[in-house]
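The following exercises are to be worked with the sequence and the coordinates at hand. Each task is followed by a solution in steps.

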Amino acid sequence: MKKNKSLFCIIGGLCLTFCFGHTLSAAIPEEATLQAADGISSVRFVPDTTRVLDNPLNGWVMYLGRDWDRSQTENFWEEYGYDSMPADSGRITVRVSDYASVAYLRTGWASMEPEEGKYFWKDPDSRLSRLLESVMERGMKVAFRIVVDGRDQCANTPEFVFDAGAKYYLQNEKRPDQKTPFPQDPVFRKYYEKFVEAFAEEFNDPDKTAFIDGYGLGKWGEGHNVAYEAGNVVSDSTAWYKENTMEWITGLYSRTFTEVPLVINYHRHIGAPVSEGRHVEDDSEHLLQIAIDNGYGLRADSFGMNNQDWGYNEWERSYVRKWAYKVPIIMEGGWIVGQHSWWQDPAGYKTPKDVRIGEFVTAEEARVNMMDFRAGKETSSWFYDAFDYVKRFVAEGGYRLYPVEISFPEKIRNGESVSIGHKWANIGWGYCPNNIKQWNYKYKVAFALIDADGNVIGKFIDTESDPSQWIKGRETSYEFAFVPENIPAGKYTLAAGIVDTSKDGAPVGIELALDEASLVAGGWAAVSVVRVR
């Protein structure tokens, strides 16, 4: 990066309008340092810390009610009050979808494929299809966890799987509909693989799907209390079942979901036939490593729970610290204030807001990229009781990327090398997981020359840049050289952005943490006016 060493001046809007003559000029930062000696200018940016950014694997998640398909209303948003949510102790009303960028659906396989080959997404009139359509109409993406365990819930695995001979565990003989398939059973695997392959054909699309919670075994699909044998016992075969099942199911999702991030619930009893206990399964880290090696990030369902027997405690806290800034981490709150005895938590929670604060503090400690509102009373609790923490996560959590400083030549010649110095920062506590298998470093810094009509005439990508390296507390600098060719002579707005190289370098996918007034032509950050000769 070239050092600033000479004249300071303010580039006023009047001058820019005179020089350039179109509305892009208003977006160019007002403050610049000019180096008259060598014709190099340097512009510094001020980050925006309040705007909700719609970025992948970042921000707030809301739940979709798994029982909505059995409700009496035709409108999910009306039933849950998500379009008119009281916030800030009732002083204002907001839309949940203005804060959450992802809607997460945890539902049974049977609800997605009630009959063999009859997938809900093939029927636009199905309630699930209409629910997801309403999500996308609000500019949100979807995420899924598919549950197969039948205990404590309705039938989550389609009956045709058992009719075909899949073996299962029935915990309660009085509830023959609550069958739980053994995950190592070959018949179960045959039909489950067929379903996941069809599921991926529809949802392996990063434009519609935010992530897949790709394990879904055990009670509630949370990865514990997995039934491998009748009676849900621990036997000499359990260790092999756990490892073989983890390799199979994470390999299946990794093979089919090549474009969409995958996550797995991390806890000390992962894949085990037990749900609780202070002891740690000896192979828990090994099992999770299998998932991570298959391209998985981490997600925990018990943030804010401090119970030593089944909560989020020392093992989980220690484990996730090892993976900060290496894989994305997603948070789900454990306590449900409308149902659980949250006041018995060892943290000494006195009010629902205390629960929310406990979740927030643990999320910050784990450097999570995403937090969840859950559904119903949990969502209303976040907005009504803890709206200040909702806004704090927007400002402080996940990742918020912006250009700190850009140095550039005022004049550019076709066919001659151009050098741009650029420095970037992340003011969020999470990180942009550009390094994950499904993204494969597709996000890069790029510079554009934009004409008076807002058209990108030239685009130049710095392939050495990597947003996954931008961690809060340090700035990352680059020197980028390129040679423009066949750019018509004239004045242009030089702009910077983070482009998606899988989409022809369009500045989509990563919104910059800058005021919207400084963004032009689909998300580019206007830097200054330059002349091309």
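This is a predicted model: local features need pLDDT of at least 70, side-chain atom pairs count only at pLDDT 80 or more; totals for chains, interfaces and linings use all residues.

Residues are numbered from 1 along each chain as its sequence is written, and side-chain values use heavy atoms, with hydrogens and water left out.

**Exercise 1. The chain as a whole**

Task: determine whether the radius of gyration of the protein chain agrees or disagrees with that of a compact globule.

Step 1. The radius of gyration is taken over C-alpha atoms, and the globule rule is 2.2 Å times the number of residues to the power 0.38. For 533 residues the rule gives a value near 24 Å; the chain has 26 Å, so the two agree.

Step 2. The C-alpha trace spans about 85 × 45 × 45 Å along its principal axes. The chain contains 12 helices and 24 strands, and 58% of its 533 residues count as buried.

Step 3. A contact means heavy atoms within 4.5 Å. Of the contacts with a separation of 6 or more, 75% come from residues 24 or more positions apart.

**Exercise 2. The nonpolar cores**

Task: state which residues have the most contacts inside the largest nonpolar core.

Step 1. A nonpolar core is a set of buried Ala, Val, Leu, Ile, Met, Phe, Trp, Tyr and Cys residues joined through side-chain atoms within 4.5 Å. The largest has 90 residues, and M62 and Y192 have the most contacts inside it. Helix α6 (residues 186-203) gives the largest share of this core, nine residues.

Step 2. A second, separate core has 52 residues, including Y104, L401, F480 and L514.

Step 3. Beyond four places in sequence, M62 touches several residues, among them F76, W77, Y82, Y104, M140 and F373. In soluble globular proteins, nonpolar side chains tend to be buried together.

**Exercise 3. Helix α12**

Task: identify which residues of helix α12 are buried and which elements they pack against.

Step 1. Within α12 (residues 387-396), the buried residues are F387, Y389, V390, F393, V394 and A395.

Step 2. These buried residues pack against β4 (59-64), β5 (85-87), β6 (92-94), α10 (352-366), β15 (370-372) and α11 (377-385).

Step 3. E396 also lies in α12, but is partly exposed because its relative accessibility is 23%. Setting aside neighbours within four places in sequence, E396 is in contact with F360, I427, G428 and W429. Just after the helix, G398 takes a positive phi of about 55°.

**Exercise 4. A buried lysine and a buried phenylalanine**

Task: explain why K208 is classed as buried, and place F211 in the fold.

Step 1. K208 is found in the loop between α6 and β11 (209-213). Its relative accessible area is 18%, and K208 is therefore buried.

Step 2. Apart from neighbours within four places in sequence, K208 contacts M136, K141, V142, E202 and F203.

Step 3. F211 lies in strand β11 and is buried at 1% relative accessibility. With neighbours within four places in sequence left aside, the contacts of F211 include L57, V102, Y104, V142, F144 and I330.

Key
Buried means under 20% relative accessible area, exposed over 50%, partly exposed in between (1.4 Å probe, protein chains only). Helices (H or I, at least four residues) and strands (E, at least two) are DSSP runs, numbered from the N terminus.
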